[in-house]
Amino acid sequence: MHEGVARAVENVSFTLKEGEMLGLAGESGCGKTTTALSIMRLLPPGGRILNGEIIVDNEDLVKKTDREMKDIRWKKISIVFQGAMNALNPVIRVGEQVAEAIVEKEKVAKTEALRRARLLFELVGLDSSRVSDYPHEFSGGMRQRVMIAMALACDPRIVIADEPVTALDVVVQTRILELLKELQRKLSLSVILITHDLSVIAETCDRVAIMYAGKIAELGNVVDVYKDSWHPYTEALITAFPSIAGEKRRFRSIPGDPPDLTSPPSGCRFHPRCPFQDETCRTRDPELRKIGPDHYVSCNYGEKLRKDI
Amino acid sequence: MLSVENLSVWFPARSGVSGIFTRKEQWIRAVDSVSFDVRKGEVMCLAGESGSGKTTTARAILALTRAKSGSVKFVGKDILSLPKAELRKLRCKMQIIFQDPYESIDPRMSVLEILTEPLEVNKVTRSRRERERRVHKALEDVRLLPPLEFARRFPHELSGGQRQRVAIARGLVLQPELLVADEPVSMLDASIRVQILNLLLDLREEYDLTFLYITHDLAQARYIGNDIVIMYLGQMMERGSVEDVVAKPVHPYTRALISNVPVPDPTLKRDRIAVKGETPSALDMPSGCRFHPRCPHATEVCKTKEPEFLQVNGDRYSACHFNDRWVA
Amino acid sequence: MAAQVSTELEITEDRFWVYRRKLRDFWKLYRRSVLGRIGLVIVLSFVTVAIAAPWIAPYDPFAFVGDPFLKPSPSHILGTDQVGRDIFSRVIYGTRISLLVGLVASAMTIGLGTVIGLVSGYLGGSVDNLLMRVTDLFIILPALPLMLIMASILGKGIINIIIVISVIGWTATARMVRSQTLSLKERPFTEASRAIGSTDLHTIGRHIVPNVFPLVFANGMIAIVDAVLSEAGLSFLGFGDPSSPSWGMVLYFADRAGATVNGYWWYIVPPGLCIMFLVMGFAFISYSTDQILNPRLRRR
């Protein structure tokens, strides 16, 4: 174990269109949650945004002061944290917890906030009379709906959902994902869905950014990235994903372990595990470049590898 | 190799304050009459969601949890009725790999200590040299190379995948015949999962091991399993070979489960079978068929009468009053 | 290949090697803490004084070496007490007693508390119930009056003081250790230990005890503090052992001599300061140790 500076997120660029769901995929430690927290300017103590821009509605969030961010959080962008559904205060009624967000942000009276909470419950598919229940009276899926209601409390334009369905049973998972898609449609909401589960992204997102060791390996339209992967990591990840469909055969796994971000590999961060690595990969860290109308990859050899694969 | 018959694990539940005073006992029927056979060298999957009782079943088979009734025959002996001393001797032959690689190995012990502990406890080796040889072999088997380097490390110096390999090595060091794996890859990253799954398959081939693999992920079950038992609220819903059950499920629960499992292919259009509600708590066990409150095809008889676990064809069994309707 | 294997592994591993390495790592971290070093220096100084007492002290602490109530002077650095004994020597020899009682009493307290906590936590059921009700009993009874009653029943004597302190003090440790044991019992590696065929005793010894140890050690330092203070208090109140002059006893005699009333600060202040510094030393050690053993406390 050592201390040092971990370059958790390096040169990450992507755009999110209105009413679109973008998936941020990657394994633990790849920087997806850090990216999300950076957007919200909610990095833990010790974390700093070194450079870059986060532009929402023509405003750069990186340049905002804390006070200005307070105004933006929840009203323009909100987030459903990972495991938040288990962090509800057990001794306060859920309706009040949702209303709390509204009261804080919009300075309305509590009765008004509760009224809006009831409407939010309906929006997320919960019976509005349940605003006066306590968290333990809800099942896992319903608690997650409460968290979504909370995130929608101040009518944001963007919602970030960090692993929203990982802890849920598979049939509940589908329903929550369907809810997100429905909200996306109804409210013209833009959603950033963060998860390590590639199959969830395949089925719900419009576009996807595959992250590895703090960088984006591949970015683009979901069909392109999945069906026509250019980056060796993407390709390996998608083909080596046990699935209930497709042919049953032994997969070749990616050798090695994800790198330590306090001392990342030289050159391309994926090179130690890449079957195609060579001298260039060991020295040159590739940039994200465009390879299609909505398809970007950061690999030194994208083109050459397509022919070899 | 392993024959489980009518295994039931019930936990006593005392409801509220009155429970302390009255002797009336309510039972949580965590596992109810589960039966299956596992052939030597095969991988049997116990699949189910949270609350299905799959983990409890596995624990009961290894006698880590007390079973209420039933029998578990392993190498000709009924584990559940063995005296303590004999049971401990039998433990060498059946080992378990836990789900959490961060918690299942003692953080204060070095890898070498973790791997020699089973050998010392069971006194199976006579000399230190032999112990070291076995540890060395186990580390090689799980591909933690060079073994010397890894033997001296501590858990916090290892990655999740490496820790899980240590846990597997610990399971191997006693040279068992049966390995129970409780969601061994659920807490690992996607790129490591296949590594570990492949490792398990390799080990099975090399040592002719028999596996009892517990998971909630049907994709994993399909990748590694030969046979599968689908569990819900403590009971078996369906049983058969993995390929068959996944391709042509019979029981409504299995059908719903499979239709809802996402697949990493954005172009595949699926028909999702909607299931209402969530798994109820074991204290509030539904009457009749346990799945009836959520089943899209429930009828009157489903509410009152518990379906039998019947043969559908070949080695396929399903517990639904309307099995015939679903057979393709 | 086989021959190569055995020679390689033989070099590195045995349990003592693991302990030595852990100790070395611990020391590296401990060295960095300023408070820890100060605490260690203080305690070690007192220990040195205690061991070297016969050589450091100018006089026999029991001997009458001068006129009573002499003020501090070059021949009697802290003057003499009411019967003409050298106070400085008495304070030096007092280090032995106070330290001895502190260490032995706390060891017994921790030992008793840990065993009870482990047994209670691991076995559970009726054993746990019984032991905890006994513990509750001891907690309810007010400490100081109980100590005084026991002291008066058992009579004077250093051993009795140690017994009294231990009997009162084990409850906190017992509860804490039980609590830790209960949570450790549920952790997968404990279950894994059972799965590989260990006996309960083995599991407790190999898995639970080492993981409870950090807690017990930190608590142990506090127990020493408690013991030293309890002994001082008991002695001061007159329940101590006059033939074993601890700092508390010196203060008792000082009080009997009317030192407070007459302003003989050289009689009162030194023993008081000694108690204070010794306790402080152990407290600092406890603080630093806790910082290391409980990683969550470490500053980012």
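Domain bounds here come from an automatic or database domain assignment. On that basis, chain A is divided into domain 1 (1-76 + 159-309) and domain 2 (83-155). This is a predicted model, in which local features need pLDDT of at least 70 and side-chain atom pairs count only at pLDDT 80 or more, while totals for chains, interfaces and linings use all residues. Residues are numbered from 1 along each chain as its sequence is written, and chains are lettered from A and ligands numbered from 1 in the order in which they are written.

**Domains of chain A**
- The centres of domain 1 and domain 2 of chain A, taken over C-alpha atoms, are separated by 30 Å.
- Ten residues of domain 1 of chain A are in contact with twelve residues of domain 2 of chain A; two residues are in contact if their C-beta atoms, placed from the backbone, lie within 7 Å.
- On the side of domain 1 of chain A that touches domain 2 of chain A, helix 6 (residues 170-187) of chain A gives the most, with four residues. Helices (H or I, at least four residues) are DSSP runs, numbered from the N terminus.
- That side of domain 1 of chain A has eight nonpolar, no polar and two charged residues. Ala, Val, Leu, Ile, Met, Phe, Trp, Tyr, Cys and Pro count as nonpolar, Asp, Glu, Lys and Arg as charged, and the others, Gly among them, as polar.

**Contact of chain A with chain B**
- Chain A contributes 36 residues and chain B 35 residues.
- At least two residues of the chain A side come from each of helix 5 (140-151), helix 6, helix 7 (198-204), helix 8 (222-227) and helix 9 (232-239) of chain A.
- Helix 7 of chain A gives the most to this side, with five residues.
- The chain A side divides into 20 nonpolar, nine polar and seven charged residues.

**Contact of chain C with chain B**
- Here 23 residues come from chain C and 28 residues from chain B.
- Helix 1 (2-12), helix 9 (188-195) and helix 10 (200-239) of chain C each supply at least two residues of the chain C side.
- By class, the chain C side has nine nonpolar, seven polar and seven charged residues.

**Helix pair in chain B**
- The axes of helix 4 (residues 111-122) and helix 7 (residues 160-172) of chain B come within 8 Å and cross at roughly 25°. Axes are lines fitted to C-alpha atoms, for helices over the stretch in contact, and angles run from 0 to 180 degrees between N-to-C directions.
- Helix 4 of chain B and helix 7 of chain B are therefore roughly parallel to each other, a term for angles under 35 degrees.
- Val111(B), Ile114(B), Leu115(B) and Pro118(B) of helix 4 of chain B make the contact with Val166(B), Ala169(B) and Arg170(B) of helix 7 of chain B.
- The residues of this contact divide into six nonpolar, no polar and one charged.

Note on methods:
Parallel < 35°, antiparallel > 145°, perpendicular 65-115°, else oblique.
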